[in-house]
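Please look at the sequence and the structure first.

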Amino acid sequence: MSAPRTMTRTPLPVVLAGARGHGRRHVDNIRRLAAKGLVRLAGICELTPLTEDEFGGELPEQSADLGALLDSTGARAAVICTPIPTHTALALTAAERGVHLLLEKPPAPSYAAFRRMADGVAAAGVACQIGFQSLGSHAVPAIRGLIAEGAVGRVTGIGGAGAWVRPEAYFRRAPWAGRRRLDGADVVDGALTNPLAHAVATALALAGSTRAEDVAGIETELLRANDIESDDTSCVRVTTVQGGSVTVAATLCAERADEPYVVVHGTSGRITFWYKQDRVLLQRADHGPEELRFDRTDLLENLVAHLRDGTELLVTPDDTGAFMQVVEAIRTAPDPEPLPDDAWRRVPGEDRRVVPGIDALVAAAADRLCLYSELGAPWARPAHHHLPEEVSTR
């Protein structure tokens with residue numbers, strides 16, 4: 001997409017759709033950027049209006065109708081942080097009005113809905129940034145540079161690991177939480193598609209396989225310890241068209257919460273990237289280990305820079321096509337298997353379920369590029385194989 005016309009230097013009027021829950025982070029970030037003179041919060045779209053106490057100050061215009069709010073405020077950009085099944089319709093509502101977008105991840109609950117959104121945004125000629133904040137880390141291009149110069153030899157595969165802790169209440173926080181579908185609509189809220197989606201997207205980015213047509217095949221193993229529809233303990237292996245392999249394992253039932261990471265395996269070393277911390281560990285033959293720390297570019301700030309002076313967007317819809325192929329593989333896989341009763345336990349006083357041994361399995365999957373069943377987990381079933389539909393490469 002060509003760069004939009006250069007804007008004036010007045011603050012960009014922004015509407016935020018979804019200001020509660022994760023949306024509070026967007027409120028804080030918009031305030032930060034407003035203090036720099038980059039944006040102005042013109043409106044909030046919520047089904048139930050915020051109070052001033054809840055918002056923490058004087059409120060802008062509010063409405064439950066995004067289209068009407070965009071029209072009345074004259075907003076130039078919208079941040080969409082609403083339930084997953086609403087993403088496509090709201091993005092298109094904004095695009096039809098020429099309003100630029102920061103759309104939270106996952107961008108859509110199915111590949112078809114993603115394609116409809118991406119095609120609509122492209123046809124409208126608006127800029128769209130997908131909210132994979134880890135892809136704003138300056139570590140990503142730095143690691144790609146290390147790979148390109150052969151710092152760890154030939155890459156043999158990329159692993160990802162996410163061992164997180166979530167209480168049972170986490171799956172009751174919203175009607176769509178822990179659901180694969182709701183009222184006949186796809187939701188696909190699972191460990192790999194939502195809370196630990198960054199592990200998948202970041203691993204694919206380091207593999208240089210971010211577009212839909214970069215994916216040759218996907219294997220999934222989806223399981224659950226909690227009484228939910230979706231997966232809370234799962235792994236995926238993506239085979240890329242260029243012959244690479246990306247394996248990511250995740251759980252929300254860890255014994256202890258750990259920092260998620262992505263690891264590049266090479267014939268003469270490895271690069272580990274703790275993507276929430278922008279921290280990298282380079283280990284290679286004949287060298288001592290090197291720890292590197294990086295800054296990151298905020299994605300809304302990058303969108304503003306794109307609109308002002310044509311700075312390249314960091315995460316376009318096309319850059320998330322491969323991730324959406326993974327979402328589609330998970331959506332079309334058999335429903336997650338409940339783990340047998342003896343494979344999990346409740347933590348006294350903590351309202352959460354733990355799968356004993358899962359922390360080590362998640363780490364082993366990332367280290368050995370193996371799925372749970374290949375690592376001998378007694379409760380794991382052999383992988384479900386998914387071949388992506390042929391995609392347009394226009």
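Q: Is Ser230 buried or exposed?

A: A residue is called buried under 20% relative accessible area, exposed over 50% and partly exposed in between, with a 1.4 Å probe and protein chains only. With a relative accessible area of 1%, Ser230 is buried. This is a predicted model, in which local features need pLDDT of at least 70 and side-chain atom pairs count only at pLDDT 80 or more, while totals for chains, interfaces and linings use all residues. Residues are numbered from 1 along each chain as its sequence is written, and side-chain values use heavy atoms, with hydrogens and water left out.

Q: Where is Ser230 found, and what does its side chain reach?

A: Helices (H or I, at least four residues) and strands (E, at least two) are DSSP runs, numbered from the N terminus. Ser230 is found in the loop between β10 (215-224) and β11 (233-240). A polar contact is a pair of N or O atoms within 3.5 Å; within protein, one must be able to donate a hydrogen and the other to accept it, and residues adjacent in sequence count only if both atoms are side-chain atoms. The side chain of Ser230 reaches the backbone oxygen of Asp189 at 2.5 Å. With contact taken as heavy atoms within 4.5 Å, and leaving aside neighbours within four places in sequence, the residues that Ser230 touches include Arg224 and Pro336.

Q: How should I read the strand β10, and which strands does β10 pair with?

A: Two strands pair if DSSP finds at least two bridges between them. β10 and β11 run antiparallel and are joined by eight bridges, with Val215 opposite Thr240 in β11. β10 also pairs with β20 in the antiparallel sense, over three bridges, and there Glu219 stands opposite His385. With strand β17 (residues 337-338), β10 runs parallel over two bridges, and the bridge partner of Arg224 in β17 is Pro338. In a regular strand the side chains alternate between the two faces of the sheet. Nine of the 10 residues of β10 are buried, so β10 is largely enclosed by the rest of the structure.

Q: Which residues of helix α3 are buried, and what covers them?

A: In α3 (residues 66-73) the buried residues are Leu66, Gly67, Leu69, Leu70 and Thr73. Seen down the helix axis, these buried residues fall within an arc of 165°, so they line one face of α3; the arc is that of the directions from the helix axis to the C-beta atoms. Among the elements that cover them are β1 (12-17), β2 (39-45) and α4 (87-96).

Q: What is found at the ends of α3?

A: Asp65 caps the N-terminal end of α3, with a side-chain oxygen 3.1 Å from the backbone nitrogen of Gly67. Just after α3, Gly74 takes a positive phi of about 65°.

Q: What does the UniProt record place on residues 15-132 and 142-271?

A: UniProt positions are given in the numbering used here, feature names are shortened, and annotations may be inferred rather than shown by experiment. The unreviewed UniProt entry places "domain: Gfo/Idh/MocA-like oxidoreductase N-terminal" at residues 15-132, a span that is 42% helix and 20% strand. The UniProt annotation "domain: GFO/IDH/MocA-like oxidoreductase", also from an unreviewed entry, covers residues 142-271, where the chain is 13% helix and 36% strand.
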